[in-house]
Amino acid sequence: MLRFIGRRLIQMFFLFIMFLTIVWLLLQLMPGDITDTLIGDPNIPLSTRLELSERLGLNEPLYVQYWTYITNFFQGDLGVSFSRYPDDVSTVLWEAIPRTLVLVLTATLLAYWMGFKSGKLIAWGRGGKTEQGFIIGGIFLQTVFYPWFAIVMLWTLGFYFGWFPIGRFIDVSLWQGSGLDATAVFEELIASVFIAVGVYFAARYVIKRTAPSLVVQQRLQRIAAVSVIAALILYWYLDPASSYVWDIVWHTILPVTTLGLITFGAVMLITRTSMLETLGEDYILTARAKGLSKRVIRDRHAARNALLPVVTSFVLAMGTVIGGAIITEQIFSWPGMGLLFLQGIVVSDIPLVAGALAITGVLTLFAHLVVDIVYTVLDPRIRVA
Amino acid sequence: MATKETIQQPDEVLEAQEAAELEELLGGHEVVAEPLWKIRFRLFRRSFTKNWALFKESKMGIVGLLIIALFGLMAIAHPILMSTVWEPAIYDPVSGYDAVVSEFTVVEDGEVTDETTQIALMDARFELNPTIDVGDVVRIPLQPAPPTLGGEDGNAHFLGTDPLGRDIFSQLLYGARAAFLLGFVAAFTTVFIATTVGSIAAYYGGKLDGFLMRTADLILLMPLLPLLIVLSAAIQINMVMLGIMIGILGGFGGDAIILKSQALSIKVKAYIDAARVAGGGDGHIIFRHIIPNVLPLSLLYMMFGVTTAIALEATLSYLGLLNIQMSWGIMINTAQNAGYLLSGTSYWWLLFPAGLAVSFLAFGFFVVGRGMDEVINPRLRAR
């Protein structure tokens, strides 16, 4: 297992170097360099421009520039953002990454969890109008023009009904004068949710080891989930900053739901197909013949084996999720990496764009690694081989 | 059949015997040498009829075909309508302009109760001329104008006009053309690259396979939308180029990997060995034996490829990053730039036709793909 992860890490390091090279090449494709933007300025004489060009190393041969870029990247130096001049790209991105991660991770995990559950159920109760409805709905969610869908969601739920705020991350007028740092509160919120999830999974593990039957186990797990969520809410309710935390959560719901829905449709359809294939296997027939309860056959024998293609599909779904995150951040004015990326494109802030793209590459690779590990855990055949 | 006696018989007797046997086999019919293409065509028609019967079972697939046909009709109708019924100066999707004039009654400031028929005095004086007084009826050209079926003094705009006074229905039809062009370019590029790369990697194996598959891994890693956004900022991208780019990135990524595994399962079939024994070269085996057998699966991915391409193009033009004149994404971009993003149902003709067109065409290709999936993959069929 460790050897497998180690080998994969080395592979990924080389893949990432190649990815970085492609990003760098793309930037070379952009017409002109940064000193060209100063041509039109009469206050800057030619000598200054040449000096700047010299100082930025733009006169060096390309391979030297390339080497500087790569080495700087691994020292955590992504350059200086043009559009937010005194700030480093890494500082700007560092603030935005947690927001994007929360948006993407929450949406994806919820979509996978609910998509798997509903896909499992509609495959089990095959035939009938409900299944047809779910399939059509799933396909619609998968093929809907996403920006338009996000606009419609924003308009109906945010504007027409007014249930959710229209875009942005916090309500600025509420936070004014509170003396609180939104980013710090947000990070504290993330940490608390992480701890809660950890506690829940520990409880789940203990329940699984001790519960006498599947029915009892599922009931206990449900109780554990409810009590963990209740404890989390209670903790933040007693916190003096509770109204501010609620403000952040309230702003998060609509973008997460919108981004989650498109992934949900795809996951549901894949789970259904994979579950149908599993249900045709001989061991399901054997389980039925043994007289096992339907719930045991569905959840223990079929669903677990149907999980593998769903996990694999995540690698292919990653592109959709990243693209969806950019659009979501743009439409809901969610100040994450995607929005920075788009703004950087518009104002030709090349270091920022390159940094965002490179960080996206790192995160994608990391997600690949996680999927690989999950896959090894799920499928013993890979672990042994 | 070849007993000892027949072997010992002289050649002429043997030939006569063979001819008699053949005649008996044919039942008195004459032997007509049929050209190869005719046999191929007959085989194709037979398998087509069989597969069509299977495809027909999926109602969704038929619905998808109907949707695609409808959009196809729209795409064909646009140039015809432009050259016959529609006047280019008014109905051109890019440069047309029509001032749909509405009548407004001027009322005191702050007493406007119905915004569609009344206008405040200050606004009227500001917009038209300062001599207007309360009670006057003014005629103001209105953009975006709601749908009209035409009348004595107006042109028909079935879906109204956009914020620049252009006919939305004409734009919608034109957008169908653009979407089909893009979809087909992207799909053909995808299929061409994915089948070629997949088959070659499967057939040769070894280092070439390793190289191609690692490249595919790298391309799979590339986030498609951000990459295209950066590319569109660096170079001017038009529709055909975008189609080719999507085709290359999609075809050399996941599709190539899937088709390679399919090609691997064909490579080990007996008829490939037979072809090699008969003296077929590598190129012959790849292009005449492996690729035709991979093609059904790659056609399936072609359908899904069209869905992706349409969605990507619409997203990029929604962001205003493409060097094209008009498409469904640009229609939404126009509405957004003019400030109608949250207009919702009160200006429904700005957002809904374009958004639904993209969604439905993608839906159509997707369900056709699913229907084909059921034909190719027997395990998915209904019980």
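Let's start with one pair: Val106(B) has Ile119(B) as its bridge partner, in S2(B). This is a predicted model, where local features need pLDDT of at least 70, side-chain atom pairs count only at pLDDT 80 or more, and totals for chains, interfaces and linings use all residues. Residues are numbered from 1 along each chain as its sequence is written, with chains lettered from A and ligands numbered from 1 in the order in which they are written.

Back to the strands. Strand S1 (residues 100-107) of chain B pairs with S2(B) in the parallel sense, over three bridges. Strands pair if DSSP finds at least two bridges between them. Strands are DSSP runs of E, at least two residues; helices are runs of H or I, at least four; both are numbered from the N terminus.

Which order do the strands take in the open sheet? It is S2-S1-S3 in chain B, with mixed pairing. S2 (118-120) and S3 (137-142) are the edge strands. Each pairs on one side only.

Now the two chains. In chain B, 32 residues are in contact with 37 residues of chain A. Contact means C-beta atoms, placed from the backbone, within 7 Å. Helices H8, H9, H12 and H14 of chain B each give two or more residues to that side. H14(B) gives the largest share, eight residues.

Last, the core. A nonpolar core joins buried Ala, Val, Leu, Ile, Met, Phe, Trp, Tyr and Cys residues through C-beta atoms within 7 Å. Buried means 20 or more other C-beta atoms within 10 Å of a residue's own. The largest core has 162 residues. Helix H7 (residues 168-204) of chain B gives the largest share, 20 residues.

How values were computed: Two residues are in contact if their C-beta atoms, placed from the backbone, lie within 7 Å. A residue is buried if 20 or more other C-beta atoms lie within 10 Å of its own, exposed if 12 or fewer, and partly exposed in between; C-beta atoms are placed from the backbone.
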